[in-house]
Amino acid sequence: MSARAAGPTSAATGRTAVAQTAQASAASAAGLQAARPGSAPAIDVRGVTKAFSGKVVVNNLSLRVEKGEIFGFLGPNGSGKTTFIRMLCGLLRPDAGAGTCLGLDLTRDAERIKTRVGYMAQRFSLYGDLSVRENLDFMARVYGVPERREAVERMIDRMGLGRFAGQLAQNLSGGWKQRLALAASLIHGPELLLLDEPTAGVDPKARRDFWDEVHELAGQGLTALISTHYMDEAERCHRLAYIAYGDLLVQGTVEEVVAGRGLATWEATGGDLYALARDVRPLPGVEQVAHFGNTLHVSGPDPALLERSLAPLRGGAWSFARVPTSLEEVFISLMDQSLKGKKP
Ligand SMILES: Nc1ncnc2c1ncn2[C@@H]1O[C@H](COP(=O)(O)OP(=O)(O)O)[C@@H](O)[C@H]1O
Ligand SMILES: [Mg+2]
């Protein structure tokens, strides 16, 4: 789990690379920056594109995130989320595109951007063989945080890490490791947090605590862009974007994203739901069929067509009720569409 063991191409290297150029950030270390109402967006980029070995993995992506906003970044594995986040924090140079991060030019001011963002890499990138306190002290040193010892103790207190302060990071549970990583990304008083799947594999209580903390920080004016696969976390964001295989397919509030897709969903109960699932899958207008405990959800893009297809089944062994379409159903629909579009 140590950054050194993770090797030179890992996220850990990136995490430290951000920190190493951050000596100049000392001035902002005293506290979190307050958002100024009506001020410039925290992130405002257009047409950002990146290819690896000729394969485009982030395609012409435009995104605007306001100051103080918690912005969710969702999409299947391999869709370019990490690559995009690394471009935002100055670790990777875009092949094309332009814009600003914290009002600084994405390519020209990459070094200055690094000093003002807190980046939490997808993989745990702190030192497993250092204690919690030593890890925070190390990061504070790298960033040139003034009154370092006091700043570290304040962060330990504020993140509730006190009882683990002397413990090796590698011996922490997943949830506490993530909390330590969040503390480390905050130690220099960044204005923008870029959190890459910060809660993957973390239990529900620790995830809730983590999100409470992020909201608390947003309340103090910090902006956060967070990638996640969890639908409940997506719903905790002020706005979100869905990216599939390099393309940004949709962005907005949860309500806007769900309404924008226009899916209709019916919930069936009673009878043999496995038999029902087999029967409805091939019907016209049926796009998704999914079991939820003792119910079956059937969704499709054309409400009238779906209703016509289900009509002959009503009044039989099953009851049907129209229910709100969930974010998960919308994302699966978007992903299926994206995959179809990619087929030769
Ligand atoms: N340094 C790299 N060199 C070559 N290919 C890469 C590199 N980083 C990422 N990729 C590829 O780019 C695509 C997007 O990856 P990534 O940004 O990690 O997606 P996500 O975070 O959404 O899972 C994947 O196909 C991945 O294999
Ligand atoms: Mg990733």
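Predicted model: local features only at pLDDT ≥ 70, side-chain atom pairs only at ≥ 80, totals over all residues.
Strand β9 (residues 239-244) and strand β10 pair in the antiparallel sense over 5 bridges; two strands pair if DSSP finds at least two bridges between them. Ile-243 stands opposite Leu-248 in β10. Helices (H or I, at least four residues) and strands (E, at least two) are DSSP runs, numbered from the N terminus.

Residues are numbered from 1 along each chain as its sequence is written, and chains are lettered from A and ligands numbered from 1 in the order in which they are written.

The open sheet has 6 strands in the order β6-β7-β8-β3-β9-β10, with mixed pairing. At its edges stand β6 (117-120) and β10 (247-252), each with a single partner strand, so one side of each has no neighbour in the sheet. From one strand to the next, the twist averages 15°.

Let us turn to the helices. The axes of α4 (residues 132-142) and α6 (residues 174-186) come within 9 Å and cross at roughly 25°; axes are lines fitted to C-alpha atoms, for helices over the stretch in contact, and angles run from 0 to 180 degrees between N-to-C directions. The two helices are therefore roughly parallel to each other, a term for angles under 35 degrees. Val-132, Asn-135, Leu-136 and Met-139 in α4 meet Leu-180, Ala-183 and Ala-184 in α6, contact requiring C-beta atoms, placed from the backbone, within 7 Å.

Finally, α6 lies across β6 and β7 (192-196), running at about 155° to β6.

Methods
Parallel < 35°, antiparallel > 145°, perpendicular 65-115°, else oblique. Contact = placed C-beta atoms within 7 Å.
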